Amino acid sequence: MLIKAITALGLALASGPHPLAPSGPTVAESIRKAWTGQAGLRAGQAMVEARQAEAEGARDLRLPSLTLQAQGIRTNEPMQAFGIKLNQARITAADFDPRALNHPDPIGAYGGSAVLQQPLYAGGRISAARRAGDYLAQAEVASQERRRQEAAQAVVEAYFGVQVAEQALRWVEDSRTWIQGMEDFVGARVKQGLMLESELQRLKAFHAQIDAQKAEVTKQARSARSGLGLLTGTGPVEGPLATPLTPDFEGGMRPSKEAVDPAAGPAAGPRGDLLAADLQARAAAEGAKAAKGSVLPEVGLELGAGTLHHSWSEKGNWTWAGVGVKWKVFSAPDQAKARAARAQERAAREMRDFKQQQADHEVRVAKESVLAAQARYAAAKESLAAAEESKRLREARHREGLAPLIDVLDAEAAIQGARTLLLQSLFDLRVSRAGLDLATGTPIEGVKP
């Protein structure tokens, strides 16, 4: 009987959709839908693109800048009036008359200029900013990959949460069918005067409890489908789900030894959040170098050309070229920024170390969780088989008048408790394995981008 009960349970949980029914999405397909359809992950991808654009901007700091300017002016301000005429190359002796200098007539001009500036040396700020931008862009890519894996874990939890709720609903229906049969049997015995009316009322009360349980499980199933739709970005999921809940039967997930052995080594690939923390620490170190460069000299080259017209034929043209050095010998704000950048570098290094310690802890806990879930699942299978056998014996004795009805109802309650424990242990096992994958940086459910 024990083997029969376990086999029946395996077929009930592991069987996929009916061959004639349309095949539903697998857990891998649901994960990929979440990666492409979830608004939260799309927002994360936009952050990646923003960081990459910022990195490109930092790389372009080493390139020259070209500034074009066009202007039109009319003024009688003495200095500007004289300067405009000079730039237009039309100064004459009459312009040096004190009356003309002190009270010039209004003068108009139009023209423009082009200035090319090329930084030659900036105390290492440009190269440091370029490296920091590259590190931050790479860190955002790694963070996005971590967000994708966290979304995958959430999809696994929601996906199998749907199956747990709907299997519980099927079992509730089985209980309702059984209690209806018991009501018919006891009702017939009551009419024959072989049982008390109170026995039938007890059954009806138990039936009402099962109806209430059905309503609660139905709500859970609908909520789980809605949650899965939220994660995948598709709205409430309808129809069957193709990947079975149980991992130990045909078609299910078969874990490798490394997936459950606490002594197994870490995964080959780094976790996205750890990689991001390391890259952020490198970016902070480059930021400290850039801040230090702000108190060093700057050397730049400037080339320019300008023109100013009085009319199309009356105009002045000029060019210039220069190399300049600028040095803030002392700047309290820049000194404070340099100290802040060094503190941020230390903070980033400490955070990187803490995240590594946290990851090691998560791996240890996840491995223990998988082993504990496996043990609970094995115990739950035995408990359900024992409860099924106990109910069969008590029901047979009750029909022979050798056991009270309360014993049969207690046996049915024990079965419901064992079923709940079995479903919860199966769910915990599947979710804990996904948690172990997340902790070790292994693709969840084997799904890769």
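Q: What percentage of the 449 residues in the protein chain is buried?

A: Burial here means under 20% relative accessible area. In this predicted model, 38% of the 449 residues in the protein chain are buried. As for the surface, the chain exposes about 24500 Å², with carbon and sulfur atoms supplying 58% of that area.

Q: Which strand pairs with β3, and in what sense?

A: β3, residues 298-309, pairs with β4 in the antiparallel sense, over 12 bridges. Five residues lie between β3 and β4, and the two form a hairpin.

Q: What share of the contacts with a separation of 6 or more joins residues 24 or more positions apart?

A: In this protein chain, such pairs account for 82% of those contacts.

Q: Where does pLDDT stay under 50?

A: pLDDT is the predictor's confidence in each residue, on a scale from 0 to 100. The chain averages 83, and 90% of its residues score at least 70. Values stay under 50 over residues 1-22, where the model has 31 contacts beyond four places in sequence. Residues 262-268 also stay under 50, and for them the model has eight contacts beyond four places in sequence.

Definitions and conventions. Residues numbered from 1 in each chain as written. Predicted model: local features only at pLDDT ≥ 70, side-chain atom pairs only at ≥ 80, totals over all residues. Heavy atoms only, no water. Pairing = 2+ DSSP bridges. Helix = DSSP H or I, 4+ residues; strand = E, 2+ residues; numbered from the N terminus. Contact = heavy atoms within 4.5 Å. Buried < 20%, exposed > 50% of the residue type's maximum accessible area, 1.4 Å probe, protein only. Areas by Shrake-Rupley, 256 points an atom, 1.4 Å probe, with all protein chains shown as cover.
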